[in-house]
Amino acid sequence: MKRELEKKIRAICDEIGTSAAQEACGDITEELKSEYEKLVDGGMSELDAYRDVLRGIDEIKKALDALPKSEEEQLAADRKDGLKDLKNILSKISSVMWLSIVIFFFLISFTTGAWHITWLIFLWGSICQNVLDMVLKYNKGKPLRKVLRSGLNNIMWLVIVIAYFLISFATGMWHITWLIFILGALVSVIIK
């Protein structure tokens, strides 16, 4: 049980992840092992002593988390919090955008009767969603080149689908306009 106790404390210190928590980990482990041994020597079973020692584990976590962080660790924690905030903001923007697109789709479709073409607005919404995803990936630390390459490739295919339908509806030459997808494949190879 002593080993289990050490593993549990080590896991908590690793979860907190700060250098101060790592330094305090040895002292906390020794203190809890000493308390555990006293309980076992006093006649308590090893399992009960283990449980009794770990009853205050939440307070230990709070104390370790409250230890001062180095400047680098504080920056990393702030960055993590900033990413959470950005993700929440982008999620709200995305929700409002899609709701607006649906409303706009019905308003335009009902007023103009152009149902055969107004559905393309959902493809434009997909392009906007892709841009929001690119912003999030870049802020998570992915290299800009990789984010742009992947995002632009996705956007390119959406634009090709939009162009295909617009050109086909305008010209009625559906039997030829499908060739735009071959052009898209070539551009995709160039992007990659």
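On one side of helix α1, R3, K7 and E15 are exposed. The model described here is predicted. The buried residues of α1 lie elsewhere on the helix: L5, I9, I12, C13 and I16. They fall on the same side of α1, because they cover an arc of only 95 degrees around the axis. R3, K7 and E15 are on the other side. An α-helix has 3.6 residues a turn, so residues three or four places apart point the same way. The length of α1 was also checked. Helix α1 comprises 15 residues, residues 2–16. At 1.5 Å a residue, α1 should span 21 Å, and its end C-alpha atoms are 21 Å apart, which agrees.

Two helix pairs were then examined. Two packed helices are described by the angle between their axes and the distance between the axes. Helix α7 covers residues 121–139, and helix α8 covers residues 144–171. They pack at an angle of about 180 degrees, with their axes 10 Å apart. Angles over 145 degrees count as roughly antiparallel, so α7 is roughly antiparallel to α8. From α7, the contact involves L123, W124, S126, I127, N130, V131, M134, K137 and Y138. Their partners in α8 include L144, V147, L148, G151 and L152. Also among them are N154, I155, L158, V159, V161 and I162. The residues of this contact of α7 with α8 comprise 15 nonpolar, four polar and one charged.

N130 is found in helix α7. Its relative accessible area is 11%, so N130 is buried. Neighbours within four places in sequence aside, N130 is in contact with G151, N154 and I155.

The contact of α8 with α10 divides into 12 nonpolar residues, three polar and one charged.

K38 counts as exposed, at 62% relative accessibility. K38 and A49 are 11 residues apart along the chain, and their C-alpha atoms are separated by 8.8 Å.

Notes
Residues are numbered from 1 along each chain as its sequence is written. This is a predicted model: local features need pLDDT of at least 70, side-chain atom pairs count only at pLDDT 80 or more; totals for chains, interfaces and linings use all residues. Side-chain values use heavy atoms; hydrogens and water are left out. Helices (H or I, at least four residues) and strands (E, at least two) are DSSP runs, numbered from the N terminus. The expected span of a helix is 1.5 Å times one less than its number of residues. Buried means under 20% relative accessible area, exposed over 50%, partly exposed in between (1.4 Å probe, protein chains only). The arc is that of the directions from the helix axis to the C-beta atoms. Axes are lines fitted to C-alpha atoms, for helices over the stretch in contact, and angles run from 0 to 180 degrees between N-to-C directions. Angles under 35 degrees count as roughly parallel, over 145 as roughly antiparallel, 65 to 115 as roughly perpendicular and the rest as oblique. Contact means heavy atoms within 4.5 Å. Ala, Val, Leu, Ile, Met, Phe, Trp, Tyr, Cys and Pro count as nonpolar, Asp, Glu, Lys and Arg as charged, and the others, Gly among them, as polar.
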